[in-house]
Amino acid sequence: MERYWKLIFISCLLVFGIGFFYLHDTFAEKEVPKYTWEKQAGNDEALEDVLVEGDVQGKNFFGEEIRLAGKDRIYASQLSFFEKLNGLMDNPKIKQLQQEYRSFMRGKTENTENYFENENILAYADVKSEWDSSEFEQGNFELEVEALYKNKDKTTSFSIKLPNQDNYVYMAVEDVITINDKLYVVTQNDIYEGEDEEYTELHLYTLNLKEEKLISEAKLFSNKGGDNSENEGGYLLQDLDQLRASKYIAIGATKVVDDVPMEDICLFDLETREKLPVDVPKELLEQEVIAHMDAKKLYFIHEQEGKIEITPYQFAKQKAEEPFEIPISESINSSMTKSTKIINDKLYILYDMNGEMNEKNRLPLMYVIDLKAKKVFYQGELKADNKEAENKIFSVYMMYENEK
């Protein structure tokens, strides 16, 4: 009988909780901050391809999460109880995969770096481990792989115990790529060899999907010190929200030589497992770099007063192109926070104008640069359409490709 009372109590809590949610939503103030993009130049069709996620905050410091995609606006406070449970404000690419491949996606992590997709296959990889309470560390690392062959409606899954893991204390998947029947998985491996020997490496595991076996393991990067140099850290340059194929891996790194920081870029051809040199002047390596893996190019970005200078570099041909300039507002400076994303051969740059300590309630500026035509495709500014928006500060979170 006691068990039934517990079930009745839990059911009542659920009913009252949902009821309170809807009552609160009914009586709450319905006016929300309204915004529109005001075009200053170019083609505003560019806004249909991008989703901007931000937060609007008032004097009470309570934020309102908002998403802008073209003319559509989604406010977290206006979502229903079940829409919030279903994660409507989550990564749109993951939501699309969950809707199209519900069975395959069930129980999997919601990080895009764990997935690869093209017209034939949806592949997934994740590292699983066991907690050793006696040593207070993770161990027994395994790579779990699952692939859905779309044309055959067939799924394969298997696990592989990872080699050379005795000193690993942490492992995580950084990227997944499929080329033909091979699956390439990049992982971050944290290594502990005593108090004076703690460092991080990026490893590449190559697997045969048909035979369900590990082919090889290669170390791409390590920040382990040696001689008079030490790598501070390495990170993947490619956009991990884009689940498309590229046979190249691009890694940005900061190397400290005799206490002097130096930027470096490492490029790897997955199929040949060769390291490609990045033959550019030192001053380019000190600039911001954006990888466009589909086009086999790196773009070096140098912000100056009133303009951006962009230098394309064809890394497959190891050839730098002539730089080109894009005019921007003189109110923008290099210290401002910005988000960048390449969508359909266009570079989206979104400036968070509230990043300056002395500025108040300034709204974001958007520049869309056609990388093929080397000119501005769209330029615009977010505008407040009501008093609610005028009295709030808009902060940019990130940009996604709009999954229409």
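Start by selecting Asp55: directly opposite, in strand 3, stands Glu65. Strands, like helices, are DSSP runs numbered from the N terminus, with at least two residues (E) for a strand and at least four (H or I) for a helix. What you have open is a predicted model, in which local features need pLDDT of at least 70, side-chain atom pairs count only at pLDDT 80 or more, and totals for chains, interfaces and linings use all residues. Residues are numbered from 1 along each chain as its sequence is written, and side-chain values use heavy atoms, leaving out hydrogens and water.

Strands count as paired if DSSP finds at least two bridges between them.

Searching the whole structure gives four aromatic pairs. To count, the rings of Phe, Tyr or Trp (its six-membered ring) need centres within 6.5 Å; planes under 30 degrees apart are stacked, over 60 edge-to-face, and the rest tilted. Show Tyr35 and Phe394: their ring centres are 5.3 Å apart and their planes stand at 80 degrees, so this pair is edge-to-face. Tyr35 belongs to strand 1 (residues 35–42) and Phe394 to strand 26, so the pair ties together parts 359 residues apart in sequence. Are Tyr35 and Phe394 buried or exposed? Both are buried, where buried means under 20% relative accessible area, exposed means over 50%, and partly exposed lies in between (1.4 Å probe, protein chains only).

Next, pick Tyr351 and Tyr367, another edge-to-face pair, with centres 6.2 Å apart and planes at 85 degrees. Tyr351 sits in strand 23 (residues 346–352) and Tyr367 in strand 24 (residues 365–370), so parts 16 residues apart in sequence are tied together. Tyr351 and Tyr367 are buried too.

**Helix 3**

Select residues 92–100. Seven of the nine residues of helix 3 are buried, so the helix is largely enclosed by the rest of the structure. The buried ones are Pro92, Lys93, Ile94, Lys95, Gln96, Leu97 and Gln98. They pack against strand 3, helix 4 (102–105), strand 5, strand 6 and strand 26, with contact meaning heavy atoms within 4.5 Å.

**A second sheet**

Strand 5 and strand 6 lead us onward: they pair in the antiparallel sense over three bridges. Here Tyr115 stands opposite Tyr124 in strand 6.

Zoom out to see an open sheet of four strands in the order 5-6-7-8, paired antiparallel. Strand 5 (115–117) and strand 8 are at the edges with a single partner strand each, so one side of each has no neighbour in the sheet.

**The largest nonpolar core**

A nonpolar core is a set of buried Ala, Val, Leu, Ile, Met, Phe, Trp, Tyr and Cys residues joined through side-chain atoms within 4.5 Å. The largest has 24 residues; Leu143, Val145, Met171, Leu183, Val185, Leu207 and Leu209 touch the most other members. At least two residues come from each of strand 6 (121–132), strand 7 (137–149), strand 8 (154–161), strand 9 (168–179), strand 10 (182–192) and strand 11 (198–208). Strand 7 gives the most, five residues. Apart from this core lies another, of 23 residues, including Trp37, Tyr75, Leu350 and Val368.

**Two last stops**

Gly194 is in the loop between strand 10 and strand 11, and is partly exposed, with a relative accessible area of 22%. Finish at Thr311 in strand 19 (residues 307–314). Thr311 is buried, at 7% relative accessible area. Beyond residues up to four places away in sequence, Thr311 touches Leu284, Leu298, Tyr299, Phe300, Glu321 and Pro323.
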